[in-house]
Amino acid sequence: MTENDAGALVYFRPESMPMPKEELTQIDNQLRKVCGADYSKAVAFIDGLEQYHPHAFRHYYISRVSHRPIKF
């Protein structure tokens with residue numbers, strides 16, 4: 001939470017969020033349903049992000065970022 005209550009960031013250590021193979025299969029099936037004909041593009045995008053995923057050092061997964069709406 002920020003000092004002025006304008007935003008929050010929630011993150012998890014990788015070992016706190018194990019992902020069983022069954023759950024990965026369910027996510028993939030849902031992705032296929034949602035993306036339809038664009039499924040291969042979505043997978044290519046996700047695989048592209050994996051290139052930038054840190055493997056050599058401990059890191060955290062950002063689960064949620066939120067902020068107070070900005071009024072102009």
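User: Why is Ile62 called exposed?

Analyst: This is a predicted model, in which local features need pLDDT of at least 70 and side-chain atom pairs count only at pLDDT 80 or more, while totals for chains, interfaces and linings use all residues. Residues are numbered from 1 along each chain as its sequence is written, and side-chain values use heavy atoms, with hydrogens and water left out. A residue is buried under 20% relative accessible area, exposed over 50% and partly exposed in between, with a 1.4 Å probe and protein chains only. Ile62 has a relative accessible area of 56%, so Ile62 is exposed.

User: Where does Ile62 lie, and how do you know which elements the protein chain has?

Analyst: Ile62 is in strand β2. Helices (H or I, at least four residues) and strands (E, at least two) are DSSP runs, numbered from the N terminus. The protein chain has 2 helices and 2 strands, and the order from the N terminus on is β-α-α-β.

User: What makes the nonpolar surface patch, and which strands supply it?

Analyst: Leu9, Tyr11, Tyr60, Ile62 and Val65 make a patch of about 550 Å². Patches take residues with over 30% relative accessible area and no salt bridge, where like charges are joined within 9 Å and nonpolar side chains (Val, Leu, Ile, Met, Phe, Trp, Tyr) within 5 Å. Accessible areas come from the Shrake-Rupley method with a 1.4 Å probe, and for residues only the protein chains shown count as cover. Strands β1 (7–12) and β2 (61–67) each supply at least two residues of this nonpolar patch.

User: Why is the pair Asp28 and Arg32 called a salt bridge?

Analyst: A salt bridge is a side-chain nitrogen of Lys or Arg within 4 Å of a carboxyl oxygen of Asp or Glu. The closest N and O atoms of Asp28 and Arg32 are 3.0 Å apart, so the pair meets the rule. Both residues lie in helix α1 (residues 21–35), 4 residues apart, about one turn of the helix. Asp28, at 25% relative accessibility, counts as partly exposed, and Arg32, at 43%, is partly exposed too.

User: How many salt bridges are there by this rule, and what is the N to O value for Asp38 and Lys41?

Analyst: The count comes to 2 salt bridges. Asp38 is partly exposed at 39% relative accessibility, whereas Lys41 is exposed at 59%.
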